Amino acid sequence: MAYARVFFLMILLACIGCKNSEDSETSKMNDNGIQEVLKHSKNTELDFEQRLKWIDSAYANKQKTALDKLTLALLYDKSALHYKLKQMDSAAYYDALLFKKSSLLGDDYFVGRASHRLAYDFKNRGVYDSAYFYYNISKNAFQNLRDSSQVGRRLLSMGLIQKDQNDFFGSKETLTEALQFLNQYNDTKYIASCFNALATNHRKLLNYTDAVDYYSKAIEFTDSENDNLIYANNLSATYIDHGAYANAIGLLQKVLKDSLLQQKQREYARVVDNLAYAQWLSGDNDTPNSLFQALGIRIADGDKRGQIASYTHLGEYYAASDLEKGRAYFDSAIRLSKSLRIPRAEQDVLKFLIDLNPKNIAFRDRYTFLQDSMYAQELKVKTQFAKYKYDDRLKQESILRLQTEKAVQELEVVKERNYKITFVFAFFVACLGLGFIYYYFRQRTKDLKKKATYLEQRNKIEKLEAVYETEAQLSRRLHDDFGAQLNHTMLLIQNNTEKSILLDKIDGLYQQSRDFSREINNVDTGASYKDELFEMLRLQTPPTTKLFTTGSKEIDWSVISGLSKTVLYKVLREIMMNMAAYSEASLVAITFNRDVDFLQVKYSDDGVGASEEALNSKNGLRNTEKRIQAIDGTIIFESEKGKGFKVEINIPN
């Protein structure tokens, strides 16, 4: 089956090479075939050489088509295979090609991956400025993809470079930023590495308290037993620098018992060396054997950096007892520092030699030279890294500004389009609304005309009813009262009654006819209206009843219409007549009040009152209600049996 599959793929590749690139369907087949070959190149059962041959075939065919994401995927996998085959130059070449093509295509994912690999390669070659530059590009690409974890990891790599180049303050800033992006659940390894690097920065800046805190956090966060040993050893070295020898010894003795440490010769040698050095500093002089043991392991392992530490510790140990021997170990440390180009390690050794030989000018000159050169180098590195950050910030601000301007322009376009749509829609709605309003007001006008006609007719009917009711009432009174008195007078005449009695009767008939005349005739609504109104109230008030009026002086009677005055006069007379006939009241109060639209009159007495049925049965009171309603006024009766009688009248001015 395996041979058949290989044979099929070889035929497929041959067919792909013969296809016409202008045919879209053929191009699609090409991509399908290339993807199949790419999938085959990932077969872990094949060795790296065979997998590279497959991917080379796929890439050769893909170069005949347009640049797309599949091209980038092929370059990415091809570079990875060159790395695995230790073909570093080829890997770097294809990483650079991937970076160039992914940048042309604007693919942030592959830009981030390619620049990360380039940065890693430059770091391994010791070209730290280029490594920092490409790590920063990778960080920006993943920031565009909103992949905070990858952003945090790139910032960690940048911070480590700054630390290794003695830019401790800049490194602290970068590492602190990295912690803001790393996820505490998925990036614990990187968070622990951040804390370890921050601790080292503080240690180099002689801030031992913070260094201890950050190393402790690194130990707390790490899930790796190997990293845990490294961080614990770093913490012990900080204790030694800080003079806390007991803490260092206790921690190193605990670490020394870890079985994993026996498998890590380089870390084991470091623990043994630091433990012996701490014990000697604490007063235990029986330590040279452990120092020599650590040196032997480091020589066998080829750990030259570690050998510098061992030679320095041995030089310190023998300097007090055997000066020549101590100098020999210091010379070995200096020789290694120069060969490895680690000026700070050489400078540390020179400090001891200057103390041992205060008059040695060569040591002092060399120390000063190293001090100046390191300062210049550190200043150059700090300036360079700061410039990278500054340029990157300007670039990001420029991108952000362009994005903002583009967003504003797009927003303006959207606003203009929405404005046009809104205008058209509003115009349509306005036309529809105007049509509806026209129809509504046309119908309303018709309805109002009908209603006005109905109200006018109803008003006429109510006025006629009020007139008829008044005429009927006067007719009854004329028949019942005046007719009865006239009949009684005629009987007196027939019976030859005395002349004086007849004259009194005739005078009474005259007075009664005059009252009827006043009721029937129009009320004087001119300047004497108020006097006539109050005269009527006085005459209608029985001798046993007291009348109180308030508010009339504040009323400007001249601005009230004649019709309203007439209706008020007749309504009050009807109420007073009803009071005199039925209420048995001892006290009557009438209050006048006028606002902008209405004249309000409130009547109340302390009479026997009347039930609701009795009020409804009184024709005179019903007649007053019709009079008030005929002029668009209101009248409210309020009475209960035995609780007096109240009326509130509101008539238009």
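**Salt bridges and other contacts**

Tutor: This is a predicted model. Glu-416 is partly exposed, at a relative accessible area of 46%.

Student: Which side chain does Glu-416 meet in a salt bridge?

Tutor: Lys-420, with N to O at 3.8 Å. Lys-420 counts as exposed because its relative accessible area is 52%, and the cut-off for exposed is over 50%.

Student: How many salt bridges does the structure hold?

Tutor: There are 17. One of them joins Asp-107 to Lys-69, where the closest N and O atoms are 2.5 Å apart. That pair links distant parts of the chain, 38 residues apart: Asp-107 sits in the loop between α5 and α6, and Lys-69 in helix α4.

Student: Is Asp-107 buried or exposed?

Tutor: Buried, at 10% relative accessibility. Lys-69 is partly exposed, at 47%.

Student: What about Arg-298, which residue does its side chain meet in a salt bridge?

Tutor: Asp-273, at 3.5 Å from N to O. Arg-298 is buried at 5% relative accessibility, and Asp-273 is buried at 0%.

Student: New topic. Which residues have the most contacts inside the largest nonpolar core?

Tutor: Leu-74, Leu-98 and Phe-99, in a core of 50 residues. A second, separate core has 46 residues, among them Leu-229 and Tyr-329.

Student: And the strands? How do β3 and β5 pair?

Tutor: In the antiparallel sense, over eight bridges. Leu-599 stands opposite Ile-651 in β5. Strand β4 also runs antiparallel to β5, joined by six bridges, and Ser-639 is opposite Phe-645.

Student: What do β4 and β5 form?

Tutor: A hairpin, with five residues between the strands. Gly-642 in the turn has a positive phi of about 85°.

Student: Last one, the surface. Which residues make the nonpolar patch?

Tutor: Leu-434, Phe-436, Ile-437, Tyr-440 and Phe-441, covering about 540 Å². Phe-436 lies in helix α19 and is exposed, with a relative accessible area of 54%.

Conventions:
Residues are numbered from 1 along each chain as its sequence is written. This is a predicted model: local features need pLDDT of at least 70, side-chain atom pairs count only at pLDDT 80 or more; totals for chains, interfaces and linings use all residues. Side-chain values use heavy atoms; hydrogens and water are left out. Patches are made of residues with over 30% relative accessible area and no salt bridge: like charges are joined within 9 Å, nonpolar side chains (Val, Leu, Ile, Met, Phe, Trp, Tyr) within 5 Å. Accessible areas come from the Shrake-Rupley method with a 1.4 Å probe; for residues, only the protein chains shown count as cover. A salt bridge is a side-chain nitrogen of Lys or Arg within 4 Å of a carboxyl oxygen of Asp or Glu. Helices (H or I, at least four residues) and strands (E, at least two) are DSSP runs, numbered from the N terminus. Buried means under 20% relative accessible area, exposed over 50%, partly exposed in between (1.4 Å probe, protein chains only). A nonpolar core is a set of buried Ala, Val, Leu, Ile, Met, Phe, Trp, Tyr and Cys residues joined through side-chain atoms within 4.5 Å. Two strands pair if DSSP finds at least two bridges between them.
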